[in-house]
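Colleague: I would like to learn how to read the contact between two chains. Could we go through one example step by step?

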Amino acid sequence: VPPPIITLLTDFGTTDAYVGIMKGVILGICAEARIIDLTHGVSAGDIVAGALLLRSAVGYFPPGTIHVAVVDPGVGSKRTPLLIETTPTTCLVGPDNGVLRPAAQALGIEHAVALTRTEYHLANVSPTFHGRDVFAPVAAHLAAGVPVDRFGPVCKHIESPSIPAPRASADGVTGEVVHVDRFGNLLTNITAGDLSAFPASSLSVSIAGCAPIPLAGTYSDVASGELVAVIGSWGALEVAERDGNAARVLGAGRGTAVHVRSV
Amino acid sequence: VPPPIITLLTDFGTTDAYVGIMKGVILGICAEARIIDLTHGVSAGDIVAGALLLRSAVGYFPPGTIHVAVVDPGVGSKRTPLLIETTPTTCLVGPDNGVLRPAAQALGIEHAVALTRTEYHLANVSPTFHGRDVFAPVAAHLAAGVPVDRFGPVCKHIESPSIPAPRASADGVTGEVVHVDRFGNLLTNITAGDLSAFPASSLSVSIAGCAPIPLAGTYSDVASGELVAVIGSWGALEVAERDGNAARVLGAGRGTAVHVRSV
Amino acid sequence: VPPPIITLLTDFGTTDAYVGIMKGVILGICAEARIIDLTHGVSAGDIVAGALLLRSAVGYFPPGTIHVAVVDPGVGSKRTPLLIETTPTTCLVGPDNGVLRPAAQALGIEHAVALTRTEYHLANVSPTFHGRDVFAPVAAHLAAGVPVDRFGPVCKHIESPSIPAPRASADGVTGEVVHVDRFGNLLTNITAGDLSAFPASSLSVSIAGCAPIPLAGTYSDVASGELVAVIGSWGALEVAERDGNAARVLGAGRGTAVHVRSV
């Protein structure tokens, strides 16, 4: 049996020791766990960004992986701490504020439990750091073999994040930028599936008032410094500047409207 | 026996390969070591910040963990390279400039040795990178089972960092901000213990000229955008803005005075 | 046999989940692999910086380590995906755009193969993320024991990055800054070997119009706030400000000329 994998996604940043502390808690409970950082650079409290990044990643981990996501502006309030089990026996652990649901849906939700059983939390649970005191120890106990239904009662409702949906228009699809990555690439909420009704060669993309951008295969299909639209590694439409930064050159960011037209 | 854990805390940042190189050195000596990053985002040369972050973390790691802390503005000078063993058989390794002492005291200092035995250092010790050439190999040899007293002679004196202490005042306690975290939360040097003489419900906090802030249980006890004071996850008084950034809104930072009054 | 080590160096940053996703792919293929981050902070598309950082690190990892370097502005174009085996049975995996060669040369190149055998790639290779779809799975299959020659045909030519070379001058050596590290230290392309013809005590360094800086042993040989030149941990000439930031104080950066004179 390979060692259990626990991934961590938070908005804690890496200049404090918060993430390292969570890892200490995990290893104290399950010494053999493999801990992988997805990212800790989610903007403070940005549940939608956390949900999208988590969803983009979970399909690339082996069955049995435990994903912990702590973007938790309501820590210490009444929001439920949650564990979701999905069909390829993957588990997701975090606050029930929407951050877990898109990833869980992508994998196929089996069932969820509320993390009420305090014997699987640290002995002293602070009201401000449930990543350390609740979510890390629950993930570690899961990794150590505690069955899902031990952590608390079944939870019927799971919160959804407010991710905007694309809309079909007369001549194509209208959506928006939902994430800007490190390269300044503009990732949209328009998926390859949303565009499947149109011949790919007929499609062009309008954003931020610039001239229509033809849909290409990859960044290097255009010359350096030119804009390009591709179906990117998320399986969604993405606008990039080759060897540049599309967000900067277009003055675009999250929420910028994107129109795909079939001509 | 679970594999040995080595944590790393430095001011090296993560845009260079310095931290990765330390890990290569460790794995070349002790292949089974588990290496955990506490943080590499300590401001360059900031011994006090390194000491506080290390102290906040060590209690959450299992006994036997080896903590390496390299905030070392005096690298290559005569400051002593140090190894401290503490009561739950935890070790701390780093320069004797104050960065190790608060964490070691929190765990209970057993004894310390100066790292003079060069057979446990790399063969070529550069004068500018003891993290790679001295501290990483010593930690790895420790993890591989070399006893503490082999690394050098007992060292009687351990340097202290200049962390400001809170002062009792007529109607409460006066302290200051000692750390600003990623969320802009203002962590102070006033601990829960410093306030134990007063009824919690009587306490209010003054900082940076703003109206007194009542002590609450958690961030979400106040409305979004309001200031809140809590005993945070460090066990110390912390001033935060719910869903916001207290450091920015108050123009406060390290050294800003904080007064707690009992009324 | 110790578990295989795979290092990762990219320009992906850590605010997205790209690096975490690569790790998921690796662990799905080779569950026992140890994954070490060298850095993910290379500037977007900066092949020279990636090559220098990789070269600075590889000598500190044990034989058998697999280094993956993905600084890949030409992803999806015709540049060859490459695997280089070096004399101490170390492997380097990445695009053939120059990022791998200096490290491979430092270790001693044995032979290289082009990564054409798609059974060792993910089933669906996107045109924009070969780190995930090609390089991570190849590294993981290597770690799991697949022999080098299975991954594709021998590749005779390996690209070189355009790293500037130092030049001998009448009274010394002229070079330039090739990297600025987190501390603002200015790392140059002038190695200890380039200066071996001159008595060390005779050497002084001129940069950015400042008064000549004597070559010293370590940073703390000068007073706080003074400039100092040392042979740094890369084995190359480095200009630093003790307890300060030489890049900032000198207004210097990559490409700034550096003259070493023997007087």
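Colleague: How many salt bridges are there between chain C and chain A?

Modeller: In this predicted model, the count of salt bridges between chain C and chain A is zero, whereas 17 residue pairs, both at pLDDT 80 or more, are in polar contact.

Colleague: Which elements of chain C give two or more residues to the side that touches chain A?

Modeller: Those elements are helix H1 (18-29) and strand S2 (34-39) of chain C, and H1(C) provides the largest share of that side, namely eight residues. By residue class, the side of chain C that touches chain A divides into 16 nonpolar, 14 polar and six charged residues.

Colleague: What area do chain C and chain A bury between them?

Modeller: The size of an interface is often given as the accessible area lost when the parts come together. Here chain C and chain A bury about 2,400 Å² between them, with 57% of it on carbon and sulfur atoms. Within chain C, the residues that lose the most area to chain A are C:Asp16, C:Tyr18 and C:Thr128, which together make up 21% of what that side buries. The contact takes 36 residues from chain C and 31 residues from chain A.

Colleague: By what turn and shift can chain C be laid on chain A?

Modeller: Two copies of a chain are related by a rotation about an axis and a shift along it. For chain C and chain A, a turn of 120° with a shift of 0.0 Å along the axis gives an RMSD of 0.0 Å, and that is the relation of a three-fold axis.

Colleague: Why do the copies meet through different surfaces?

Modeller: Only 8% of the interface residues of chain C are also interface residues in chain A, so the copies meet through different surfaces.

How values were computed
Residues numbered from 1 in each chain as written. Chains lettered and ligands numbered in written order. Predicted model: local features only at pLDDT ≥ 70, side-chain atom pairs only at ≥ 80, totals over all residues. Heavy atoms only, no water. Contact = heavy atoms within 4.5 Å. Buried area = accessible area lost by both parts, 1.4 Å probe. Salt bridge = Lys/Arg side-chain N within 4 Å of Asp/Glu carboxyl O. Polar contact = N/O pair within 3.5 Å; in protein donor to acceptor, adjacent residues only side chain to side chain. Helix = DSSP H or I, 4+ residues; strand = E, 2+ residues; numbered from the N terminus. Nonpolar A, V, L, I, M, F, W, Y, C, P; charged D, E, K, R; others polar. Least-squares fit on C-alpha atoms with pLDDT ≥ 70 in both.
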